[in-house]
Number of protein chains: 2
Amino acid sequence: MAQWVYSFGANGTDGDSSMRNLLGGKGSNLAEMSGIGLPVPPGFTITTEVCTYFYDNDHSYPDSLKKDVAAAIALIEAETGTLFADAENPLLVSVRSGARASMPGMMDTVLNLGLNDDTAAGLAARADDIRFAYDSYRRFIQMYADVVMDVDHGLFEDVLEDMKRARGIFDDTKLTGADLQELVGLYKTIVEEEAGTAFPQDPWEQLWGAVGAVFTSWMNTRAKTYRRLNNIPAAWGTAVNVQAMVFGNMGDDCATGVAFTRDPSTGENSFYGEFLINAQGEDVVAGIRTPLPLTTEARRKAGGDELSMQEAMPDVFNQLDAVRIRLEAHYCDMQDLEFTVQQGRLYMLQTRSGKRTAEAAIRMAVEMADEGLISKDEAICRVDPLALDQLLHPTLDPDAQKTLLTRGLPASPGAACGQIVLNADKAEEMASHGHQVILVRLETSPEDIHGMHAAAGILTARGGMTSHAAVVARGMGRPCVSGSGDLSFDEVSGKIFILGTELSEGDILTIDGSNGNVYLGEVATIQPRMSDAFATLMSWADQARRMRVRTNAETPADARVAVDFGAEGIGLCRTEHMFFDSDRIIAMREMIMAADTEGRETALAKLLPMQRQDFMSLFEIMAGLPVTIRLLDPPLHEFLPHSQDELAEVAKASGITLETARQRAIKLAESNPMLGHRGCRLAVTYPEICRMQARAIFEAVCAIAKKLGTAPIPEIMVPLAATAREIALCKVEIIAAADAVMAETGQKIDYLIGTMVELPRAAICAGELADEAEFFSFGTNDLTQTALGISRDDAGAFLHHYADAEIYPVDPFVSIDRDGVGALVRLGVENGKAARPDIKLGICGEHGGDPDSISFFEEVGLDYVSCSPFRVPAARLAAAQAHIRQKS
Amino acid sequence: MAQWVYSFGANGTDGDSSMRNLLGGKGSNLAEMSGIGLPVPPGFTITTEVCTYFYDNDHSYPDSLKKDVAAAIALIEAETGTLFADAENPLLVSVRSGARASMPGMMDTVLNLGLNDDTAAGLAARADDIRFAYDSYRRFIQMYADVVMDVDHGLFEDVLEDMKRARGIFDDTKLTGADLQELVGLYKTIVEEEAGTAFPQDPWEQLWGAVGAVFTSWMNTRAKTYRRLNNIPAAWGTAVNVQAMVFGNMGDDCATGVAFTRDPSTGENSFYGEFLINAQGEDVVAGIRTPLPLTTEARRKAGGDELSMQEAMPDVFNQLDAVRIRLEAHYCDMQDLEFTVQQGRLYMLQTRSGKRTAEAAIRMAVEMADEGLISKDEAICRVDPLALDQLLHPTLDPDAQKTLLTRGLPASPGAACGQIVLNADKAEEMASHGHQVILVRLETSPEDIHGMHAAAGILTARGGMTSHAAVVARGMGRPCVSGSGDLSFDEVSGKIFILGTELSEGDILTIDGSNGNVYLGEVATIQPRMSDAFATLMSWADQARRMRVRTNAETPADARVAVDFGAEGIGLCRTEHMFFDSDRIIAMREMIMAADTEGRETALAKLLPMQRQDFMSLFEIMAGLPVTIRLLDPPLHEFLPHSQDELAEVAKASGITLETARQRAIKLAESNPMLGHRGCRLAVTYPEICRMQARAIFEAVCAIAKKLGTAPIPEIMVPLAATAREIALCKVEIIAAADAVMAETGQKIDYLIGTMVELPRAAICAGELADEAEFFSFGTNDLTQTALGISRDDAGAFLHHYADAEIYPVDPFVSIDRDGVGALVRLGVENGKAARPDIKLGICGEHGGDPDSISFFEEVGLDYVSCSPFRVPAARLAAAQAHIRQKS
């Protein structure tokens, strides 16, 4: 039979920190501290399994629970020498929630539980302190009524304020015992009026009320939202911690405080924290009194003159400092502590791994490894790869004033502010005059790329985490908020509306692409900086990883950024992005409008030198490294203009009538472009395009080899293949181009021909494909779209709902769907390797920059991941973590 | 080492009819006839492997081939007592192509090869017949020059006509030997002038020229087109048959003819054929002289007075009749024969399985089984299931005059003619006034359904075999030609253009949906009829098959047709089609425009009684049978109108502003609707829709059970699920509705809840899905779209090219792609059965009516297939054939 209740205390502790799943974070750490002999007030934890039982059984409890809780209370009574519900010498307890992961949004704490009219009187008599007893009681009523009985806590505040006003005082502490007794009466009346039932006087009823409130709060809206945002499964459940009260507010030999074993903001190895004399924990948080520093040094730094804890209570401080060192050595990690001093005696109320900034995380990890506290592998695993984004992009000043307008998806990290512009040309123009602009669009398309490049940030109304805007912005390192559904446009007036706010072009917005927030006006930002510790950690990561990390880049600027960030080649160069420049698009459109192969070849001949030049610029940066170049991928209609005027220009340039151009455009239009005439289907139907691109690549390789003595190794990638024959047909063209260029230049070119595995059929038939392909690059964006049947451009309408309903707990475009898409990748790897044991395997979808996905790619044995330039450091770190985990 | 040449003849035969792949159809059957002692002129076959070698090796031959051919010629010389290239006693041969499958479009025949100025003189002397020798020679020159040297044969005809005119005669046979000698001279001059080289006098050069021409013709455009249309791989190659000439034109004891062992048109067991006395084979075909019937009975029936072969050459006829009986008994199938009588001696030149009408195929199969010639299983396998379409739909009168305008895809079988109308409303209106109309559209959408129903046939410019038009038309049994790319529209003038022809509304077109042809004006049609033999064969098929056959239907009319055709339930009832009726679409649009759940529920309450009524009509027909009902599937925007005026109406009806309606419509619009907010994603986000549909189904079941005492067993199908959880969420709604309706009516309802497996993820994770689903119906249309990444609406742009390039030799939307999509189906079956051994498995994609695919579904062990009503007989037959094949 399951054990539903785990006690901790001086007389015996059932649990320890390894039982986090069962006891929650708080409960398991209380047990751990108690177990290693630290001063913890006795208590017990009701397990997360009870929470699961509670939801599986219509909000009821296991049969034995009442008995178990009563027994656990008895243990507390024995240790404290008090009695629960006893008027003479009452035991008071706190009740706290405690899930596996820290979860703001749930019921947090009820203090002083056990007080009623009798026990309050008894407490007053025993402590000889009416003020203390009734202050505790009135606080308890307010807390309990708020969280258990759903009475608005503002009502209590109002009564308190009224009384203070009537007494002519400003400070709660100036209220007398009699005042507080009166207040308790008033509070009880409020409860009765609001809840329709009297405040419960039975401590056991109070206890079960509080326990039920904790479990119920697991499913409140805030908790659910938090879980969704943080990928916490609802099935985990929460535990409940019941613990004997200790009081920091019984006089000047009492205190309460919070501390971090190292500085959570910088990572510096110094004791960091705050405390208040004669106060309860909530006073530290509430900010009515200003907490004081723990250490003398911190006080001096802050220039304060009130005594630090080190000065005011040197003995207790030394005890606490010893606990600090003990806990860090025990947990081998920076701890976030809560403590209370009751009449000169220290009690530890909580320890947990402390939250920290990315900068601090890196510094602590490196220093702890240097101190020998943890291994290098452990140091590598200590830093959240995604947190590196904080270091690479400007962030909003946390102290700055902000007016939040709305939220969208955190599509590309970093903060940016600038003037609103509604189209790409305008963005480019304004940027050229030195303005910072935010490009605001319904959604973006390849035509907007120059504007996106010119903009400081991008905001779109439509599109998910892997929409065009998101992908391109990440590639460029531009902050982007996408899919901001509250945003609407009035194109005639050039105005945008965000909920109630009307904005015009030129108005200022600030976006935070790291969390999706959109703010009105300018919000101060902090520029990124990279520390020595960062360099050290990354070098350790590079030594520890197996997989290579490449980047997705097609512009020299992006390629350079990526190399600076440690990219070891290009995993995806999307050649189509090269065709959107204004001089290229004309020839491109001419090619599209051509009536026959000859016409297309004429237009392609104009594109060849430009494309060759593009590759040369890129190859110069990538000399000696592998560069995967994807042949033209998007359907041709993406290159056509949308307006009739522009189409008329295209017609004129192509020497055809507008009507013919229109007919051609209509013929090219597609119902589902994602599944249309694109990818290698273009190369198969128009081999001349493939021929031109292959020639441009090989000519560029030869030119760079001649110039630098070394060239990149091009890996030419056939996109969207579903059959071996498609690859074979493209290979004919590519090999012919290579042979021709080698003959013309007399240079030997090393190159590979492979394919992008991005269709389910390709993964299933990977063995067949591997007969033709020397490498596979898994295109997990399209593979996710096709395997799951979800268009990432249209997913916004339901994917949020799907996350709430736990259908896809994590956005499958952000983190790979292991069971479905992952199974296909695995199949592709197995079949591919079986057919060609030395096949090179990589991944170039957005998942290449996602740590969870990288972990999966390590498992299945890919050779490299490729991601956008700004994700390269995160990918290097994640790859190292994945390999370390895989080894163990 | 490969044997490149196979001889046949009285002195030894290397091959037999089992070597069809190597020797081609003609060659293997010549060998077979020779082997069983029938009178076949000696000859040899150059294998199809030589053809493959020829294309793999830059149009060259294997080293030993010359030698082998010379040896084979020597064998013919030995048997015939003649010598090749010998002036005294020349051996003449025919050279014919012969692929595995009969292939019009390739080089057919060169006769009389071996003749030159010397051998012609020798032949004349030996036969003592100058006329015969030079008639043979001039025919040879013309044929050879045409097919080998690419000289226009019209030039020879002109010279011949000139001479006849000069001589004042009409009949070739009236030309004298001298005339023909002169003609030979003129012909040689033509060759020299046109080909720039003299007509080859060396018989060996002639022979190799003809052999090369056969191999070259394998890759000519007509042959390639034919192969594409008939799914014949280019890799098969053709064989070449070289055979001693026999002459039916050496006098009145000579004749030539073609025969069928049974009547190929009706299937009647009577000798059927034609012959001509003193003629070569080409004369029978050319139609210059009218051939005569073989049998006396046939002559009498035709009312002719010239003697039949039975009367004119009773001995030879009896020999031939014996050969007929021998061959039918030997091949156990109706044979198509070619024969020649040379100076009273019968020679068999060809036997092959004879082409027949569907009606004849059925009658022969049934009668042969009754005669004991073949088994019932064999009889079942003898009839091409797709040929049954001929019996169920009107067909074009083969004798009618036709003006072919263009061709499209044979999207839905049957012929129809009527007046052109360009929109659905007009079609409905004109049909209501008794006009036959052909609805001509760029493409169709669900809004056009009433017009499609009203039309006699449908013609579209866009869309493949599984486009909306094609699927709906097949479902309705309306002939349809889709994807007719030569068709363009001028919407302003209401005109259409087909290549050069301009047509207006009201003009008459005829379409043949069985082959995709579009004809100008009215072409006479023949109405379908079903014979007793048909009923017999179908009853045998029903006994022989394992899989059930259901139909895809949602209207009572379709359901009734399907039941009449033997459907054993409904495998797919697409509920959305029920919402397009004019009274329903209003409530549907109101639902879509609603701002919240309450608004949607109000609109859905209006739809409930209509939907219930729809189901009642359907269930009444299907009482006692299973009916699979798919929950609402298409994205909601499909129900919205396209014009602003109509949208204004919708806004008004919904009580919202046009602007709000417009915004809602914009919000609903999707980039890739196929991968959008559809399928169970609708039910998950708007559970009230699912709730209404489930209630309508269960209420209808109860009503019908009450009325008839028996009801259908509804199988409620959750579409587009990729996860178990989606099904689970829908199940909650469905079960609640069932429980509620059972409580309200007091009736017990049997039902199943299952899902449509139409996404790769669903197939891969089928085990997990089977935990929730009691049945799977494989939706292979969407599974093909997603697995291959091909939108069937957009595939027209490249799928033809893909067929030509042998990437997908068969349209994967017509016949299942076994390696890719099939592998997913297999995975789905295996995983599904592993998780739920009694899971019911069916298929409701278009492949459910395709014999090849049905064969695959038998292999993987599905329980049933479901197809459009008119395909039900074909599916029953195909399922039987598949099971018979599977057993053996």
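Biologist: Which residue in S21(A) is the bridge partner of A:Leu487?

Modeller: The partner of A:Leu487 in S21(A) is A:Ile498. This is a predicted model, in which local features need pLDDT of at least 70 and side-chain atom pairs count only at pLDDT 80 or more, while totals for chains, interfaces and linings use all residues. Residues are numbered from 1 along each chain as its sequence is written, chains are lettered from A and ligands numbered from 1 in the order in which they are written, and side-chain values use heavy atoms, with hydrogens and water left out.

Biologist: What makes S20(A) and strand S21 (residues 495-498) of chain A a pair?

Modeller: Two strands pair if DSSP finds at least two bridges between them, and S20(A) and S21(A) have 4 bridges in the antiparallel sense, so they meet that definition. The strands themselves are DSSP runs of E, at least two residues long, numbered from the N terminus, as are helices (H or I, at least four residues).

Biologist: Why are S20 and S22 of chain A called edge strands?

Modeller: The open sheet has 3 strands in the order S20-S21-S22 (chain A), with antiparallel pairing. Its edge strands are S20 (487-490) and S22 (501-504), since each pairs on one side only. From one strand to the next the twist averages 25°, where axes are lines fitted to C-alpha atoms (for helices over the stretch in contact) and angles run from 0 to 180 degrees between N-to-C directions.

Biologist: In what order do the 8 strands of chain B close into a barrel?

Modeller: The order is S26-S27-S28-S29-S30-S31-S32-S33 (chain B), and the pairing is parallel. Here too the twist averages 25° from one strand to the next. As one example of the pairing, strand S29 (residues 713-718) and strand S30 (residues 752-757) of chain B share 4 bridges in the parallel sense, and B:Glu715 has B:Leu752 as its bridge partner in S30(B).

Biologist: Which strands of chain A pair with S31(A), and over how many bridges?

Modeller: Strand S30 (residues 752-757) of chain A pairs with S31(A) in the parallel sense over 3 bridges, with A:Thr755 partnered by A:Phe776. Strand S32 (residues 840-843) of chain A also runs parallel to S31(A), joined to it by 4 bridges, and A:Phe775 has A:Lys840 as its partner.

Biologist: Which way do the side chains of strand S31 (residues 775-778) of chain A point?

Modeller: In a regular strand the side chains alternate between the two faces of the sheet. In S31(A), A:Phe775 and A:Ser777 point one way and A:Phe776 and A:Phe778 the other way, and all are buried, where buried means under 20% relative accessible area, exposed over 50%, and partly exposed in between (1.4 Å probe, protein chains only).

Biologist: What makes B:Leu499 exposed?

Modeller: The relative accessible area of B:Leu499 is 55%, and therefore B:Leu499 is exposed. B:Leu499 lies in the loop between strand S21 (495-498) and strand S22 (501-504) of chain B, and has a positive phi of about 50° although it is not a glycine. A:Ala85, by contrast, counts as partly exposed at 35% relative accessibility; A:Ala85 is not a glycine either, and has a positive phi of about 70°.

Biologist: How do you know that the charged end of B:Arg550 sits over the ring of B:Tyr864?

Modeller: A charge sits over a ring if NZ of Lys or CZ of Arg is within 6 Å of the ring centre and within 35 degrees of the ring normal. The charged end of B:Arg550 is 3.8 Å from the centre of the B:Tyr864 ring. The charged end of A:Arg227 likewise sits over the ring of A:Trp218, at 4.1 Å from its centre.

Biologist: How do you know that the two copies are related as by a two-fold rotation axis?

Modeller: A rotation of 180° with 0.4 Å of shift along its axis superposes chain B on chain A, at an RMSD of 0.4 Å. The copies are thus related as by a two-fold rotation axis. The superposition is by least squares on the C-alpha atoms of residues with pLDDT of at least 70 in both. Of the residues of chain B, B:Asn672 comes closest to the axis, its C-alpha being at 2.1 Å.
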